[in-house]
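Subject: Structure for you to look at

Hello,

Here is the structure I said I would pass on, with its sequence. My notes on what was found follow below.

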Amino acid sequence: MRVGIDICRLTDARTGVGNYIVNLLDGLAAVDKDTTYLLYPYFGECFAKPVKELQKYVPAQPNFRLYGRLRPEIWVKLWWFGLKVPQERLLGRVDVTHSTNLAGFGLRKSKLAVTVHDLSFLREPAWHKANNVAFSTRSLAGAVRHADALIAPSRFTAGELARF
């Protein structure tokens, strides 16, 4: 099996999403030596800076690799947004794609799992910047429409997600 995982948030200031990704990778590395994991530095509208720093988060096992790290950001943006080429073409041939932070777009050749960490942008939009509310709302709509599975890291978030 081949699984793609979005790790682009690891170069942001380490908060809940970054900790979630690090713990997910550590946990998978501890229990799985067989699945091939492609770790994405670019995913949806997230472009990690700088990509080369992400290598330190890749588990030191042959079944994990940073995928697409040599592609220049400008090329990826042109490919996805300018030429409107399906993002799936840049994700490698995987069976499952895991979006670790709300991004959900249509995939034809793999299943999509999307982690929804919280819905505070809907419940308390005043706590967020307007562009984050717009991005998160748009991303959630895509996740609900396209995901084969939604992952909520808490019962509270799962309940909110069911209500919304």
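In this predicted model, His117 is in contact with Val17, Tyr20, Thr100, Asn101, Pro153 and Thr157, leaving aside its neighbours within four places in sequence. The residue sits in the loop between S7 and H3. With a relative accessible area of 17%, His117 falls under the 20% limit and therefore counts as buried. A polar atom of the His117 side chain lies 2.7 Å from the backbone oxygen of Thr100. The backbone oxygen of His117, in turn, lies 3.0 Å from a polar atom of the side chain of Thr157.

Thr157 belongs to helix H5. Its relative accessibility is 3%, so Thr157 counts as buried. Apart from neighbours within four places in sequence, Thr157 is in contact with Val116, His117, Asp118 and Ala152.

An α-helix has 3.6 residues a turn, so residues three or four places apart point the same way.

Six strands form an open sheet in the order S5-S2-S1-S6-S7-S8, with parallel pairing. Strand S5 (64-66) and S8 stand at the edges with a single partner strand each, so one side of each has no neighbour in the sheet. On average, neighbouring strands of this sheet are turned by 20° against each other, direction ignored.

Strand S7 covers residues 111-115, and four of its five residues are buried. Strand S6 (residues 96-99) is joined to S7 by four bridges, and the two run parallel. Within this pairing, His98 stands opposite Ala113 in S7. S7 and S8 also run parallel, joined by three bridges. Here Val114 has Leu150 in S8 as its bridge partner.

Helix H1 (residues 16-31) lies across strand S1 (2-6), strand S2 (36-40), S5, S6, S7 and S8. The helix runs at about 160° to S1.

Now the nonpolar cores. The largest has 21 residues, of which Tyr40, Phe43, Val116 and Leu140 touch the most other members. S2, S7 and H4 each supply at least two residues of this core. Which element gives the most to it? H4 does, with three residues. Another core, of 19 residues, lies apart from the largest one, and its members include Ile7, Leu10, Val58 and Phe64.

Helix H4 also holds Ser139. Ser139 has a relative accessible area of 8% and is buried. Leaving aside neighbours within four places in sequence, Ser139 is in contact with Leu102, Ala103 and Gly104. The C-alpha atoms of Ser139 and Gly44 are separated by 9.2 Å, although the two residues are 95 residues apart along the chain.

Last, the chain as a whole. The protein chain has five helices and eight strands. From the N terminus on, these elements run β-α-β-β-β-β-α-β-β-α-α-β-α. Of its 164 residues, 48% count as buried. Among contacts with a separation of 6 or more, 65% are between residues 24 or more positions apart.

Regards

Key: Residues numbered from 1 in each chain as written. Predicted model: local features only at pLDDT ≥ 70, side-chain atom pairs only at ≥ 80, totals over all residues. Heavy atoms only, no water. Buried < 20%, exposed > 50% of the residue type's maximum accessible area, 1.4 Å probe, protein only. Pairing = 2+ DSSP bridges. Axes fitted to C-alpha atoms, helices over the stretch in contact; angles between N-to-C directions. Contact = heavy atoms within 4.5 Å. Polar contact = N/O pair within 3.5 Å; in protein donor to acceptor, adjacent residues only side chain to side chain. Core = buried A, V, L, I, M, F, W, Y, C linked by side-chain atoms within 4.5 Å.
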